[in-house]
Amino acid sequence: MDPRSLAELAKALASGETSSFALTESALARIDALDSELNSFISIDREAALQDAKTADARIASGDAGPLTGIPIAHKDIFCTRNLRTSCGSRMLDDFIPPYDATVVERLRSAGAVLIGKTNMDEFAMGSSNENSFYGPCKNPWDRKRVPGGSSGGSAAAVAAGLVAAATGTDTGGSIRQPAAFCGITGLKPTYGLVSRLGMIAYASSLDQGGPMARSAEDCALLLEAMAGHDVRDSTSINRPPENYRAQLQQSLEGLRIGIPKEYFGEGLDSSVARIIEDALTEYEAMGATLQEISLPRTALSIPAYYVIAPAEASTNLSRYDGVRYGHRCNSPKDLEDLYTRSREEGFGGEVQRRILVGTYALSSGYYDAYYKKAQQVRRLIAGDFASAFESVDVIAGPTTPGVAFELGSKTSDPTAMYLEDIYTLSVNLAGLPAMSLPAGFSDGLPVGLQLIGQHFDEARLLAAAHQFQQRSDWHRQTPELELPA
Ligand code: GLN
């Protein structure tokens with residue numbers, strides 16, 4: 001595989017040592033060789049990718065290249081791509097070909113990145129294992145009997161397996177960070193509002209946020225610079241001056257105050273994961289940071305609050321898929337009622353149906369105050385817990401997940417067990433904060449992720465903290481052994 005970082009690839013392209021066409025061809029060849037087993041891609045756009053690579057090569061030759069020009073990347077199949085199927089992992093959108101690009105796609109395209117294809121995901125981004133995909137589960141490249149995490153599992157697996165150097169993901173309750181942790185890569189969930197949601201198929205609009213997934217914090221910084229920015233077509237997009245994240249990667253960690261939430265080290269945390277995270281924190285002390293125990297007392301409440309709010313928003317967002325305006329339409333409906341009912345029944349998988357039912361119930365008159373309103377009140381308290389913690393610390397650190405990647409099928413029959421996997425990631429979304437996961441070690445050959453949580457718009461500090469850890473460790477450089485057929 002090509003283990004080079006985005007910065008190294010850009011250098012190789014600039015010097016003429018390689019071309020975008022060659023990189024794109026080799027990415028496609030590697031996908032051909034490995035992906036029938038990994039299943040990290042839903043759609044590949046071979047001709048368009050090679051065409052874009054030629055355009056990128058011309059741009060490089062004319063001296064007009066940016067840092068991403070000519071580099072093959074992949075998008076999670078939740079981002080609309082003009083003329084390229086965007087399924088969102090669902091039968092409902094199996095033949096949906098968007099007429100426009102999501103802002104994120106458009107921005108990376110104009111930066112010159114070459115789009116190879118669209119990655120596998122849990123249907124409508126609902127899940128923590130990628131097992132809810134209409135296109136079948138994606139496998140973890142470190143152990144193909146295990147899940148890559150979800151919902152951005154295809155992006156994480158594709159980067160970990162060296163099929164592409166970088167990919168996009170989205171994170172509503174952990175969907176960038178958890179698969180990044182399970183696959184041993186680096187992922188960043190930006191502050192809510194930093195990255196445009198236009199053209200990113202909505203799951204829970206007040207929580208959804210797109211972000212980069214790559215091999216290192218430096219690569220994530222590069223991608224975030226291209227992805228972030230005000231978009232007048234997204235009313236929740238924040239208008240603030242663009243930042244140069246790469247230029248800030250070396251900001252000093254001397255005196256950085258790291259808060260360690262005691263609730264993140266309690267019952268349910270695997271002991272070898274705990275040890276690896278503690279070792280990583282010791283490394284931060286050696287870099288000049290100070291550690292301080294803090295409390296985020298409502299951590300456990302993030303699960304019930306999230307699993308009311310997210311389904312409630314999903315139930316309204318997904319009402320547009322009715323077989324008329326959007327989505328799969330059943331054959332020979334008897335009448336309108338039958339058309340709606342059967343189209344939705346056939347088009348949506350089991351977990352999506354469960355959430356639509358839960359969400360509709362939580363929003364229905366008579367139950368609204370008891371469920372949705374209560375959950376919103378809890379959400380406010382969770383945000384308040386973070387705000388108090390950030391009065392005395394700069395960054396919060398802990399595990400991304402309670403354990404390593406679990407076996408395929410081991411949690412599919414118990415939705416609550418699956419939801420509990422999200423215990424350390426959900427509250428960040430409820431509070432709209434930025435957070436990262438970066439590789440911190442291995443437990444029995446499986447990657448473990450360290451989570452860093454920052455204050456609103458403090459991405460530069462998170463990236464610097466992650467980058468400097470990666471200057472002193474090589475966990476992020478480890479690659480799984482994948483046998484290429486002879
Ligand atoms: N696992 C969570 C869920 O199932 C989060 C998913 C996400 O972030 N998109 O909803």
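Tutor: Residues are numbered from 1 along each chain as its sequence is written, and side-chain values use heavy atoms, without hydrogens and water. Because the model is predicted, local features need pLDDT of at least 70 and side-chain atom pairs pLDDT 80 or more, while totals for chains, interfaces and linings use all residues.

Student: Which residues does the UniProt annotation "active site" cover?

Tutor: The annotation comes from an unreviewed entry. UniProt positions follow the numbering used here, feature names are shortened, and annotations may be inferred rather than shown by experiment.

Student: Is serine 151 buried or exposed?

Tutor: Buried means under 20% relative accessible area, exposed over 50%, and partly exposed in between (1.4 Å probe, protein chains only). Serine 151 has 0% relative accessibility, so this residue counts as buried.

Student: Which side chain does the side chain of serine 151 join in a polar contact of 2.8 Å?

Tutor: A polar contact is a pair of N or O atoms within 3.5 Å; within protein, one must be able to donate a hydrogen and the other to accept it, and residues adjacent in sequence count only if both atoms are side-chain atoms. The partner of serine 151 here is lysine 76.

Student: What does the side chain of serine 175 reach at 2.7 Å?

Tutor: Serine 175 is buried too, with a relative accessible area of 6%. At 2.7 Å, its side chain reaches the backbone nitrogen of serine 151.
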